[in-house]
Amino acid sequence: KKFQISIYDPFNKKKYLKKKNIEVFREELFLKKKKWDMVNFGSSIQYLNSLSDLNNVNFKNVSAVLITHTPISISKKYISKQENSKNLYQNIHSIKDVIKFFKKKKLNLEFKSRNEDKYISAKKKYKTFSLNMLFLR
């Protein structure tokens with residue numbers, strides 16, 4: 001089966017680019033308009049101020065959400081300075097809040113795994129681990 005792949009890149013120089021079955025867009029409006037089968041957040045949700053920022057994504061038809069290599073706190077949310085960047089901060093969300101957010105979207109946590117701690121660029125506190133999480137409808 002041929003896949004259609006869409007990539008949201010708010011820093012792309014071009015407003016919209018399409019090559020074969022891959023499209024790249026920088027307009028946030030497309031996140032709400034498009035119908036998605038699967039959404040992948042690869043080490044990115046820690047850069048959102050709040051999980052509610054994800055409400056800009058149309059989750060209506062989504063059957064799977066994959067979160068990879070993302071620092072998640074087992075106890076509570078906090079902000080941490082990113083250790084490999086001078087002026088970058090990460091919002092380390094709690095696992096409870098992440099699960100609750102996707103449950104409201106009718107997506108349930110089906111699988112989670114832990115990555116090596118060396119991949120966490122945030123200061124570790126409140127039992128923070130680099131996690132992979134799979135949510136399914």
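What is the volume of the largest pocket? In this predicted model, where local features need pLDDT of at least 70, side-chain atom pairs count only at pLDDT 80 or more, and totals for chains, interfaces and linings use all residues, the answer is about 1,100 Å³. Residues are numbered from 1 along each chain as its sequence is written, and side-chain values use heavy atoms, with hydrogens and water left out.

**The pocket**

A pocket here is an open set of points on a 1 Å grid over the protein atoms alone, where a 1.4 Å probe fits, with protein on both sides within 12 Å along at least five of seven lines; lining residues have an atom within 4 Å of a point. The volume is the space filled by probe spheres set on the points, which are joined across faces, edges and corners.

Of the 32 lining residues, Ser6, Tyr8, Leu31, Val39 and Asn40 are the closest to the centre of the largest pocket. Strand 1 (5–8), strand 3 (22–25) and strand 4 each give two or more residues to this lining, and strand 4 supplies the largest share, five residues. Strands are DSSP runs of E, at least two residues long, numbered from the N terminus.

Strand 5 (residues 64–73) is largely enclosed by the rest of the structure, because seven of its 10 residues are buried (under 20% relative accessible area, with a 1.4 Å probe and protein chains only). The table lists its pairings; two strands pair if DSSP finds at least two bridges between them.

| Partner of strand 5 | Bridges | Direction |
|---|---|---|
| Strand 4 (residues 38–42) | Five bridges | Parallel |
| Strand 9 (residues 128–136) | Eight bridges | Antiparallel |
| Strand 7 (residues 89–94) | Two bridges | Parallel |

Threonine 68 of strand 5 is the bridge partner of glycine 42, valine 65 stands opposite phenylalanine 135 in strand 9, and serine 73 stands opposite serine 94 in strand 7.

Three strands form an open sheet with mixed pairing, in the order 1-3-2. Strand 1 and strand 2 (16–19) are at the edges with a single partner strand each, so one side of each has no neighbour in the sheet. Strand 1 pairs with strand 3 in the parallel sense over four bridges, and isoleucine 5 stands opposite isoleucine 22 in strand 3.

Terms used:
Buried means under 20% relative accessible area, exposed over 50%, partly exposed in between (1.4 Å probe, protein chains only).
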